[in-house]
Amino acid sequence: MSSSPPPSSAAASPSCPKKMIALRSSDGETFEIEEAAALQSKTLENMIDEDCAGTPIPLPNVTGKILAKVVEFCSKHAEPGVDDESLRAWDAEFVNVEQATVFDYILAANFLEIPTLLNLTCNVVADMIRGKTPDEIRKFFNIKSIFSPEEEEEVRRENHWAFE
Amino acid sequence: MAVQDDGGGCGGGEPPSGGALDAESLRIPLGPTEKQPRRTREEEATGENAGLTELPTEIISNILSLLPVKTLLRIRSVSKGWRSIIDHRSFADLVLAQSLGCSDVTSLISIVGNIEPTHFGCRFFSLDHQTGFAVPLGQLDQTINSTRLDWQSVNGLICFDVGDLTYLCNISTREVRALPPAGPDLPVHLHRVMHSFSALGFDPVTRRYKVMKTWVSNALNRMAGVITANKILTLGTNSWRKIDSGPIDFPCGGSVCINGSIHFLTLDLMSNKVIVAFDVETEKFRTLALPDGALNQLHKTKLIEFGGCLTVLDYEHLEEENTISMYVLEDYKNRVWMERPIVLPRSWKEDLSRSERFLVGSVRAEEILLAPRVTAGEVYFLSYDVEKKTLKKVQVHGLPLSLLRSPVIIACAPIEYVHSILALSEV
């Protein structure tokens, strides 16, 4: 599906097609994204400047499944005329996914340097942590603690008021 | 008097991204874990996936820095990896940056009154300005002696003296730490009765906290010679160092740390009002002249930070004329003050009419706060928004009922504090 981008300026106008950037995922899928949307990613912004005109930009750290969603996110956030409240609602729906997918989004947002997506997803994980006891957190995220019971008791005692 | 010993972090010396962590934590993966089979909701709830532990350390740090200090202290016990992140010095900077970037305002208020039927004393609360809800800071009640009416907090830390000892307190973690005792070290023939005061400063470039302590002799005739001595302690070290002399009198009207210098109002040798600035990095004193309009009297003047600038509040005429003169040092380098007169709507007096005296202060959100000194049945503050020129009453709720049954004294104007997880042993 790879095609060379039309020789047009970045500014969109009815008669002139918008500039599209081609991306290739780690598993070989290709996606097209509008330049304005691509600029949400600092990584892509740098790559575009270096003139990868025509050839798809390879992204070995992101699978097709996740890249598709990232493209969707960036496109939505580059859309003009969306009010804050509906964007927030859209974002909430966007991250209403399995825990593992949220982590995939975080890694992709980190690699592609998309501050809005990184911020959104980090807050989702913070919300998962909030309100849980240490034990619940360990179970939820499958974290193995190698504190001995005495060590753990000591850590609790250090800040006992926080457990009240 | 009981002072809680250092309960702060341990082992924060190693960077979390080094190999020092145990196996269960933070390796950097090559890519998303697409190879794992699709998870069911049930598996997810029981944590069959290992997603979180595969995230890079900086990301986990960023996520954790979004959480409140109380939560962070609790989740230190989740794993050694998390404890290592939370205790690390650079993590404290992340938390501070989050708190400074947040528009929610929290302040520390202190109230003297009856908590139980027989227990009259000073109690501290943290006040959320959005909701008006006060949370008791019980752990601090025994240790902070609120004789001063004008503290400030520096990045969420406050410094206070009890007798000859200097204490530091992190309001968010409730940690209180006594600094090593110090004396003015004067030659025997110069011994006098000396009183001391301490001030905390922060240098944003080196990110170091220092406490500056001044001793001033009790000379009746100032011109006959005032003896002063100054010492400084860099937090993280355990010893006081003697430095060149500075101000010759006690501060009157609070201290404010701005632009890496501690500023306070005091009197010079000729009994003129002056602002003394102590540069935290160079450890030198200098003076700043007050703006012309603010020279007249000392007692109803206060230094605050307003909109990021050093500001003098002069409320001498507040009661008769409903005015506060505000001088903002907008151009620090060239010492250019901007005068911003404030005229309060007359209604402010109706709310404070039952109180003979009141306290003036400011918190981060560019408001001026008025606090009734004595109040009965309810605790509240008046908050004046300087930009919008509006006055509103902030009712404080969540206070123990026994406190409100008799009149209470507001011990000091609210001081704004940001949330800090800095362990005082480690600065």
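How much space lies in the largest pocket? The largest pocket holds about 800 Å³ of space, and the legends below begin with that view.

This is a predicted model, in which local features need pLDDT of at least 70 and side-chain atom pairs count only at pLDDT 80 or more, while totals for chains, interfaces and linings use all residues. Residues are numbered from 1 along each chain as its sequence is written, chains are lettered from A and ligands numbered from 1 in the order in which they are written, and side-chain values use heavy atoms, with hydrogens and water left out.

**View 1. The largest pocket and the residues that line it.** A pocket is an open set of points on a 1 Å grid over the protein atoms alone, where a 1.4 Å probe fits and protein lies on both sides within 12 Å along at least five of seven lines; lining residues have an atom within 4 Å of a point. Grid points are joined across faces, edges and corners, and a volume is the space filled by probe spheres set on the points. The lining of the largest pocket comprises 29 residues, and those nearest its centre are Leu67(B), Pro68(B), Val69(B), Thr106(B) and His419(B). Two or more lining residues come from each of α3 (69-75), α5 (89-101), β2 (119-128) and β3 (133-136) of chain B, where helices (H or I, at least four residues) and strands (E, at least two) are DSSP runs numbered from the N terminus. By class, this lining divides into 14 nonpolar, nine polar and six charged residues, with Ala, Val, Leu, Ile, Met, Phe, Trp, Tyr, Cys and Pro counted as nonpolar, Asp, Glu, Lys and Arg as charged, and the others, Gly among them, as polar.

**View 2. The second largest pocket, with a volume of about 670 Å³.** Of the 30 residues that line the second largest pocket, Ser153(B), Asn155(B), Cys257(B), Glu305(B) and Glu416(B) are the closest to its centre. At least two lining residues are supplied by each of α5, β11 (255-258), β15 (301-306), β19 (358-363) and β24 (408-416) of chain B, and β15(B) gives the largest share, four residues. The lining of the second largest pocket has 15 nonpolar, ten polar and five charged residues. Asn155(B), found in the loop between α6 (138-141) and β4 (157-162) of chain B, has a positive phi of about 50° although it is not a glycine. Asn155(B) counts as buried, at 16% relative accessibility, where buried means under 20% relative accessible area, exposed over 50% and partly exposed in between (1.4 Å probe, protein chains only).

**View 3. An open sheet of four strands in chain B.** The strand order is β7-β8-β9-β10 (chain B), with antiparallel pairing, and two strands pair if DSSP finds at least two bridges between them. β7 (194-203) and β10 (241-243) of chain B stand at the edges with a single partner strand each, so one side of each is left without a neighbour in the sheet. Ten bridges join β7(B) to β8 (residues 208-217) of chain B in the antiparallel sense, and Ala199(B) stands opposite Met212(B) in β8(B).

View 4. β12 (residues 261-267) of chain B pairs with β13(B) in the antiparallel sense over seven bridges, and the two form a hairpin with five residues between them, in whose turn Ser271(B) has a positive phi of about 60°. β13(B) also runs antiparallel to β14 (residues 284-288) of chain B, to which five bridges join it, and Phe278(B) stands opposite Phe285(B) in β14(B). The ring centres of Phe278(B) and Phe285(B) lie 4.7 Å apart with the planes at 50°, so the pair is tilted; rings of Phe, Tyr and Trp (its six-membered ring) pair if their centres lie within 6.5 Å, and planes under 30 degrees apart count as stacked, over 60 as edge-to-face and the rest as tilted.

**View 5. An aromatic cluster in chain A, formed by Phe73(A), Trp90(A), Phe94(A) and Tyr105(A).** Ten aromatic pairs are found over all chains. The rings of Phe73(A) and Phe94(A) have their centres 5.3 Å apart and their planes at 50°, so this pair is tilted. Phe73(A) belongs to helix α3 (residues 64-78) of chain A and Phe94(A) to helix α4 (residues 84-94) of chain A, 21 residues apart, and both Phe73(A) and Phe94(A) are buried.
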